[in-house]
Each structure stands twice: as C-alpha cells, then as structure tokens.
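The model is predicted.

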Amino acid sequence: SSLDRTAKAERMFELMDGFLKNDPVSLQKDILDHVEYTVARSRFSFDDFEAYQALSHCIRDRLIERWHDTQIHFKRKDPKRVYFLSLEYLMGRSLSNSIINLGIRDQCADALSQLGFEFEVLAEQEGDAALGNGGLARLSACQMDSLATMDFPAWGYGLRYQYGLFRQVILDGFQHEQPDYWLNFGNPWEIERVHVTYPVKFYGTVEEDISNGEKYKVWIPGEMVEAVAYDNPIPGYGTRNTITLRLWAAKPSNQHDMEAYNTGDYIDAVVTRQRAETISSILYPDDRSHQGKELRLKQQYFFVSASLQDIIRRFKDGHKDLNQFPDKVALQLNDTHPALAIPEVMRILVDEERLGWNEAFDITCKIFSFTTHTVLAEALEKIPVDLLESLLPRHLQIIYDINSYFMEELKRRIGLDYNRLSRMSIVEEGAVKSIRMANLSIFCSHTVNGVSRLHSELLQTRVFKDFYEMWPEKFQCKTNGVTQRRWIVVSNPSLCALISKWLGTESWIRDIDLLMGLREYAADISLHQEWQMVRKINKMRLAEYIEATSGLKVSLDAMFDVQIKRIHEYKRQLLNIIGIIHRYDCIKNMAKDDRKKVVPRICIIGGKAAPGYEMAKKIIKLCHAVAEKINNDSDIGDLLKLVFIPDYNVSVAEMIIPGADLSQHISTAGHEASGTGCMKFLMNGCLLLATADGSTVEIIEEIGEDNMFLFGAKVHEVATLREKGSTIVKVPLQFARVVRMVRDGYFGFQDYFQSLCDTVEGSDDYYLLGADFESYLEAQAAADKAFVDQKKWTQMSILSTAGSGRFSSDRTIQDYAEQTWGIEPCRCPL
Ligand code: 73E
C-alpha cells in the first residue's frame, strides 16, 4: 500500500547518512572499505593496482550520487534534450579526470599519502578506454565533458566494444597489431544495467498487413539480438551535473527459440546464440575509409535501434503526442556512422506508431542534425544495396521512399537536370548499387555542420555544392574544440597552477575566454622564468618516458619537435621524415665550426596505421630505419635524434603534449577537416609548425601569423599544382636527393621502400610533398632561429596559450546548443 511505501521511504531516509563526505578521513575509510569488500583484499596488504581499484570505486560512488540527482532533476524539469549518437568515443583514463571534475583532487592526494600511496602512481595503473580511432572519437569525449560542465541535458550513446583500438607493437621497426581486451581487469567506470535491455532485429522479410482497412508493412525479422545498457557517468566541472554516456553491448536474445532447442543439438543452439555477442566485440580500426562489411553495418544498426528505443521510451514516459517529439528531442549524428537512425525513426513512426508518411517525415527532418568530419571521398560511407536488402529489408524500402520524395522535390525545383539529379541522389547506380549515407543525412537533417570554417566552406563549394545551392540555410560551421579540463588541468598540473596564479583565479577552467588575460603579461620577465620552469618539468617527464620506452637519453636543451596523430599519407608524416633526413644530411656535410650553430632537436613521431594501410605501415618502418641510422651516428651526437613513440593513445598524448616545444600539423591544404591535436598543443604553449589547413586557419587569426611557423600551398593553389604538375611545381634538389638516399638503400630495406618513394615523385606526388618542401624547410629554419632566442620563444608560447580560448569544446558546445539543437542548460541544485 502507499502507506507502506511512505514508511519504507522514511526508514531509508533515516538509515542514509546524507551524502558521501569528501574530507581525507572519510575518503580513507571508503577506500579501505572498498579494498576489503569490493576488491576483496586485506586492508593491511594491497598493492598499487588494488589501491587504484579501491580508489576508483570510492570515486564511482560519488559519481553515482550526483548522477542520480542529475537524472531526477532532468526528469522533473523535462527540458528539451540532446542525444549525441557516435560510434566512437576515446575516453582515455577516467580517474584523474573524475577527481578533478568532482573538485576533490587535493583531498584524495592527502588521503592516499597518509595511507602510504602516491596519487600519480595509482593514476598510472589505469588503462585507456580506447573505443575509437582518432580525432573524431576524442572529439566526442571532449564534447561530453563540455556538455556535462555546461549543465546541458544531454545523453551520449555508443557501442561498448569488448576490444578497443588495437595495441601497436613495434618489432624490428614494423607495426604489429595486438587485441586490446580492455575489460580484462574490470571497469569501475561503468554501471551494468541488466534491466535496461532492448531487442534488436535483423534480416527477415517485409510483409503487408491490413488493419482498420489500412495497409501497412510488417517486418518479420530473421534474427534477434539483445542490447544491454552500460552507463558511464560523465561528471561536469564546477557543477553537480553528471550526465550519461550509455554504451550498448550485444547479448543473445532472451526470446528462446524453443523449436531449435527441442529439435536440434542443445550445444549447437547455445553456441549459435552466443555469436550474437560478436556484434559489439570489436571496433573497426579503419580511420577515414570504409569497406562495406556486414558486421560494421550490423554494429551501426544495433546501436541505432537500441538508442532510439531508449530515447522513445524516455519521451513516452511523460508525453503522448509524438508530434511534440521535435520540441523535446534533438538527435545529433556524429558523421554518417549512425545515419541509419533516419530510416529507423521513419520505420517506428510509420509502421509502429501508424503516423502518415508526410507527418512522420516532417518530424524526422525536425530532429536530426548532422556533422560531417571529412572531405576525403574514400571516407564517405556507401552501403551496398544488396547488403542492406538482406540485413534491413524494411529500411531499404524506406530509403527508396525517401529518395523518390527527394527526387520529386528536386525535379520540381531544378527540372530534369539528370546529371545533377544523379549526383544528388541517395542511391548510387553503378557497378555496385549503393546508398550514399551523406546524401541521406543531408536531405533529412535540418542542419549540416562542418568542423572548421575552411572545412565548412569546402563542403559548400565542393563536396556538397549541389546541396548547398538548394538549401543554403541548412549549412553551418561549428569549429571543433577540446576540453581544457583534460588537456590542461589533468595533463599539465604545473601549467594549470601557473595560469591560475597569474590570472588570480581558477575560473578559466569553466570560462576559457579568461585565458586572454595572460596576454597582458606576455613580456613579463618573472612570468617568463616561471613559464620556462614549467616547460622544463614537462620536458623532463617526457624525456624519462622516451628513455623508458626506447632507451634513448635526450638532452633537455634540445628542441622537442613532435608529430603525433594517426599515420596517413595526407597528414604527411613522410614530409617530416624527409625533412629529418635532410637535416641529418646537412649536419653530416657541415664543417665542425658550423655545427655549433645547429639547434639540437629531438624529433618525436607517434601514431597508429590502419592494419590494412600498406603505405602508412611503410612510413612507420621508414621512421624506425632512419632513427636507427641517425641515433647511432656518433658524428651527429646530440644534434639530432629521432624517436618513434609506440602505441600512441590518449594517456600517452597527455604526457607528450605538455613537453613539446614545437608540434607539426602539416597536412596538404584542404585535406584535414579540422584537426584537434593542434588545439591541445596550443593550449599547452607549444608552438605550431603548420599548413593553412582545417582549424589552423582560425588559429592564425587568434594568435597571429607571427606566433607560429606557417608554410605550404594554400587550399586554392592545390588543384592547380596537381593539374599543372612539373610545369609549375618547383621540387627542390634536396628533396630528390633525400628520396634517392632512401631508394639507394641508405637506410636499408631498399626493396621495401621503393613503392613508398614512388608516391612522392613526379606526377604521383599527390599530396605535394615535393612542391611544399622548400617552404617547409624555411618554416623549420624560422623555428630554429626563434628557439635560439628563448625570450622570444617564451613570449610566443605564452601568447599561444593566451589565444587558445576559442578552441575550447565549451565554445563548440555553446554554439551547437544555440544554433543547432535549441537546448538550454538545466542545472542540478547543489
Ligand atoms: O580532421 C579530423 C577532425 O579533427 C578528421 O579527419 C576526423 O575528425 C576530427 C574531428 O572532427 C575524422 N575522423 C573520421 N573522419 N574524419 C573517421 C572516419 C571513419 C571512421 C572513423 C573516423
């Protein structure tokens, strides 16, 4: 009875002793309780890893409290919500980030030191959650942090891969891939929701039925899989708000196929069911290319279907009229990977909710917004019609229906311009008939975003020109950003303290524009001294890491020159390596006296190559071959070293970025949609050597060309350089000389490197390494010159940090909330 329930609630209230406390003594008690009852170790004897586990559970408890409060608050207030759909999240480690966002870093450190543990050592015990490939996935993680911090009613949805991005192991200079079974040691940062499950259907047939005199379609599935929710609380900084990242895992369906059990082999039946789990077992490691694999499509639909069932259930818990859906729900498509959500919403509205087609389509177009992250043609997703027809027969029909509606509308507006109609069509005819997911997403979304201004312009003038001309009002730009919580506060505590000291406040951690205040002190000698000290501490940390991973001792006085990102031809790691060989060659040919003028450099390269990407793998091998030669040449000594950092990931980035003096962002203009690494380096006061590509164009506007080293062809010059080739391209002799050295086997592996050399010579030099080489060397020389003048360098460094505010994901999210999603903050009371 209701009386019983009230009595029960009162009793529970009595038993609860308020919220968990955050003073060091309470924390210690909770840690020890978890040692004993969660980790099941003796509280008198536990090691660093067990201490990490206990501490994490102690933090998890605190997250859960805030998370419950936030969810109750959202439910009570019922604001419009945003649902962020992404197939990838690169969360990295959670412990330090959570402690900082909860505002209990010092208390935790105190509590631990009294128990004889060091916080930093425990934080190192945690493995990375690497459920993504690169920039796109880390962007999702940064945006979740901003959504929570800025109190937005947001949910992230994704897949809980059992194997994250592969581990990169280097053997004899070659990349090998090893599985990342990241859940081996448990994951305290997730909460399994055994009761939040949804069935997901695949295969089968579509039949017609009649109800109340009306025809409708019924999808009779051939396979059912269960989606189970795993919730990852995402705490905001300086707020009680803690939002949810809900990741789905596949489990065999509970709806028993009795027939199979009764007639067939029991063991066989169980083994077959178990195969359902493969859907969420592995992250595809291909960055910016897709292969039209069935498992990938299954993953996409599995994730979309479960998320939408969850979203609609939440909507219906309080609302009846689906026409109100767009007032309460914004669905954000992170690239086309979740674009099956569009036909899925249509299917639910038309087949299940029995709305009219037009009404359903109107609702659909009001809820979706789409962000695209690339300009590379090979990255545009196309799904073979055959594949879709067998896996999701009803969705294919719906996509065809959408396309006929689309084509009719187009014909009304542009007449029978067949070339244009076929370019814009959602269906691509051709050898393999396929569905263009980007065209579907653009047509059915109210807003299409690019990830930097340059990228957004390229979308409008090149990639999706036809669409832009038809619906200019749909196209927007949301320049990417990164969270200063992780990329300064967590990863660079000394710089964080220094900034707060000079600004006289910690408010910049929530209000990034305050960083501009540093400009005032850019020439202040005492700031310079403290700034250089902080930089030295971070370089020391990086030098120790280099020594530990490669055995190489490096001098802290050298310039630390870093390029870390996925290995890709357009990102031009090869240009960097050719530049390094050239530098080596120059030093070798120098008179002894001239060598004194050389600025010593430690060149650091890190990044993974997609397992099937042959050229990228050759670049990694070349890097090792060159390093082997240079690092063992006694003639060179400390003047030049080259290190490849293996298994680059988020936590490695957190250690490298604060220690870098110079970082390279040198993609061929027009190829890097945005790039976000550059923003992290900028915040940390590292100078950039860059082409005018993606977001660096906007960085130039913020800090001025004088405070970075810019080089290379501009985006409007690239096409001409490619077209006219050798008639206008001036490839310096030094470039040809270096390529010759590689071809002639100067670094060994002569045969293996020939095809790599082919990609940068003559008209095959698609990414224009030769054409940009001279200007690259000039930029490098300018960097050397600036480095000698440490006063100038430090000032440039301070101005970089001071000018990085625009590149906070807080700004990106604010823009999305206002201009794209139409949502308001909903702050949970303290
Ligand atoms: O320029 C980056 C951008 O900064 C872009 O290449 C990257 O997204 C970043 C964030 O906006 C990106 N990743 C992918 N496409 N663009 C991608 C494609 C397929 C699979 C996984 C990732």
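Six strands form an open sheet in the order β21-β20-β19-β22-β23-β24, and their pairing is parallel. The edges are β21 (640-645) and β24 (709-711). Each has a single partner strand, so one side of each lacks a neighbour in the sheet. On average, neighbouring strands of this sheet are turned by 20° against each other, direction ignored.

At one end of that order, β20 (residues 601-606) runs parallel to β21, and 6 bridges join the two. Cys 603 has Leu 642 in β21 as its bridge partner. Helix α32 (residues 769-788) packs on this sheet. The helix touches β19 (559-564), β20, β22 (662-665), β23 (687-691) and β24. Its direction makes about 170° with that of β24.

A further open sheet has 3 strands, ordered β14-β16-β15, with antiparallel pairing. Here β14 (382-384) and β15 (427-428) are the edge strands, and each pairs on one side only. Strand β16 (residues 434-436) runs antiparallel to β15, joined by 2 bridges. Val 427 has Ile 435 in β16 as its bridge partner. Helix α17 (residues 437-444) packs on this sheet and touches β14 and β16. The direction of α17 makes about 45° with that of β16.

Next, a helix pair. How do the axes of α12 and α15 cross? The axes of α12 (residues 341-352) and α15 (residues 393-414) come within 9 Å and cross at roughly 95°. That angle makes α12 roughly perpendicular to α15. On the α12 side, the contact involves Ile 342, Pro 343, Glu 344, Met 346, Arg 347 and Asp 351. They meet Arg 394, His 395, Ile 398, Ile 399 and Ile 402 in α15. By class, this contact has 6 nonpolar, 1 polar and 4 charged residues.

Last, the cysteines. How many disulfides are there? The count comes to 0.

| Cysteine | Nearest cysteine sulfur | Distance |
|---|---|---|
| Cys 142 | Cys 678 | 12 Å |
| Cys 477 | Cys 678 | 14 Å |

A disulfide needs cysteine sulfur atoms within 2.5 Å. Cys 142, with its nearest cysteine sulfur 12 Å away, is in no disulfide. Cys 477, at 14 Å, is in none either. Is Cys 142 buried or exposed? Cys 142 is buried, because its relative accessible area is 0%. Cys 477 counts as partly exposed, at 25% relative accessibility.

Definitions and conventions
Residues numbered from 1 in each chain as written. Predicted model: local features only at pLDDT ≥ 70, side-chain atom pairs only at ≥ 80, totals over all residues. Heavy atoms only, no water. Axes fitted to C-alpha atoms, helices over the stretch in contact; angles between N-to-C directions. Helix = DSSP H or I, 4+ residues; strand = E, 2+ residues; numbered from the N terminus. Parallel < 35°, antiparallel > 145°, perpendicular 65-115°, else oblique. Contact = heavy atoms within 4.5 Å. Nonpolar A, V, L, I, M, F, W, Y, C, P; charged D, E, K, R; others polar. Pairing = 2+ DSSP bridges. Buried < 20%, exposed > 50% of the residue type's maximum accessible area, 1.4 Å probe, protein only.
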